[in-house]
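Thanks, everyone; I would like to walk through one model this morning, going region by region. Please have the sequence and the structure open while I talk.

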Amino acid sequence: MTMHWRGMLAATTVASLCAWTAAAAAPPRAPQPKAPPPEEKKEFDTPAPPFALGLFPCTACHTEPGNPQRRELGFHDEVLPLRHGPNRWCLDCHDLKDRDMLHLTDGELVPFGESYRLCGQCHGDKYRDWKVGVHGKRIGYWNGKKTYFLCVNCHNPHAPRFTGVETVVVDGVPTQRPIPEPTRPEPRPLRPQEIR
Ligand code: HEC
Ligand code: HEC
Ligand code: HEC
Ligand code: HEC
């Protein structure tokens, strides 16, 4: 918690100082903000997002802003049907204009590598537990560095009920992803008269 808000504050301060510096144009230079300690630059050290479908970067296709209409999609069967609480729609999470980014409810863009911030907006209790290492595994190294699994290393954002995890290699990097749920029901068992 503390670390989270400190991180946010540091980021905000740096951002506003940068904007201010840019606006003030040329010398005299504004006093430089002290660089934040390295561990506060990115809040959490996480593995790569487990994109396994070969669809990233999204902007390979989505060069124009998307279609804001909630509708039947003629593409993206790989994430359909959505099974994530009532009335969820793609644009609750994905940005309409920049398809390579997620967004929070206030419109702030969030990269896929920080998707836990998106999940945390609706699952505050789990987010708090995750940050202190109670929910979700956190791997510690000998030098004290810790790596947090992203929520999406364990939960498919489109059907988040936990179904187990498997290791996959994405762009040459091993990572963990949720085991995909079968999208179709199992075929019914054969009746005795159908077995010859
Ligand atoms: C191979 C091309 C292709 C790639 C790559 C692709 N998409 Fe799409 N996407 C489409 C098409 C085509 C549609 C429109 C389907 C329709 O209108 O029926 C679509 C629609 C969508 C929509 C519905 C809202 C809208 O703007 O129409 C979302 C959300 C979306 N894509 C997200 C993504 C994300 C996130 C990625 C990257 C991880 C991605 N797409 C990568 C082709 C692609
Ligand atoms: C609850 C938030 C949420 C909703 C709703 C949602 N997505 Fe996603 N989606 C994500 C996140 C987070 C990722 C990134 C997963 C990762 O890091 O591997 C993602 C990844 C994707 C990908 C890339 C999958 C892959 O493994 O390569 C596609 C395509 C996509 N979303 C399309 C859609 C479409 C289309 C919809 C609506 C029908 C939708 N999403 C709804 C959060 C969401
Ligand atoms: C816009 C709000 C919203 C966002 C963002 C969101 N969720 Fe959810 N999520 C819900 C709702 C609503 C439910 C259903 C009620 C519940 O179980 O709390 C749900 C349910 C879940 C469940 C329980 C599923 C089950 O069937 O047991 C998991 C796990 C989950 N979400 C994970 C995530 C993850 C991971 C992310 C980020 C990629 C995320 N959620 C983002 C609203 C959201
Ligand atoms: C290392 C894997 C792992 C990570 C990382 C992880 N979870 Fe989970 N999560 C689980 C498992 C396993 C369960 C199922 C527990 C059970 O069924 O008792 C679960 C359950 C949940 C549930 C449903 C709980 C309920 O009471 O119904 C939600 C919501 C959830 N996780 C959200 C998140 C969010 C948000 C994040 C990231 C901040 C996250 N999880 C990170 C493994 C993980």
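Proline 81 sits in the loop between α1 and β1, where helices (H or I, at least four residues) and strands (E, at least two) are DSSP runs numbered from the N terminus. The peptide bond that joins leucine 80 to proline 81 is cis, with omega at about -5°. Proline 57 also lies in the loop between α1 and β1, and a cis peptide bond links it to phenylalanine 56, with omega about 5°. Asparagine 87, again in the loop between α1 and β1, is not a glycine and yet has a positive phi of about 60°. It counts as exposed because 8 C-beta neighbours lie inside 10 Å; the scale used here calls a residue buried if 20 or more other C-beta atoms lie within 10 Å of its own, exposed if 12 or fewer, and partly exposed in between, with C-beta atoms placed from the backbone.

Residues are numbered from 1 along each chain as its sequence is written, and chains are lettered from A and ligands numbered from 1 in the order in which they are written.

On confidence, the chain averages a pLDDT of 81, with 75% of the residues scoring at least 70; pLDDT is the predictor's confidence in each residue, from 0 to 100. The lowest mean, 42, belongs to helix α1 (residues 2–24), and the highest, 98, to strand β1 (residues 101–103). Over residues 36–41 the pLDDT is again below 50. Where pLDDT is low, the predicted coordinates should not be read in detail.

Let me turn to the core. The largest nonpolar core has 9 residues in all, among them Leu102, Tyr116, Cys119, Trp130 and Phe149, a core being a set of buried Ala, Val, Leu, Ile, Met, Phe, Trp, Tyr and Cys residues joined through C-beta atoms within 7 Å. α2 gives the most to this core, with 3 residues.

Next, the ligands. Which residues come nearest to ligand 4? Of the 16 around it, they are Trp130, Gly136, Phe149, Cys151 and Cys154, where a residue is near a molecule if its C-beta atom, placed from the backbone, lies within 6 Å of it. Both α2 (116–122) and α3 (124–131) supply at least two residues of that shell. Ligand 3 also has 16 residues around it, of which Gly85, Cys119, Cys122, Pro160 and Arg161 come nearest. Ligand 2 is surrounded by 24 residues, the closest being Pro49, Leu53, Cys90, Cys93 and Pro157.

Finally, the hairpin. Strand β5 (residues 165–170) runs antiparallel to strand β6 (residues 173–178), and 6 bridges join them; strands pair if DSSP finds at least two bridges between them. Threonine 167 has glutamine 176 as its bridge partner in β6. Of the 6 residues of β5, the number buried is 0, so this strand lies largely in the open. The hairpin has 2 residues between its strands, and aspartate 171 in the turn has a positive phi of about 50°. Aspartate 171 counts as exposed because it has 9 C-beta neighbours inside 10 Å.

Key
This is a predicted model: local features need pLDDT of at least 70, side-chain atom pairs count only at pLDDT 80 or more; totals for chains, interfaces and linings use all residues. Two residues are in contact if their C-beta atoms, placed from the backbone, lie within 7 Å.
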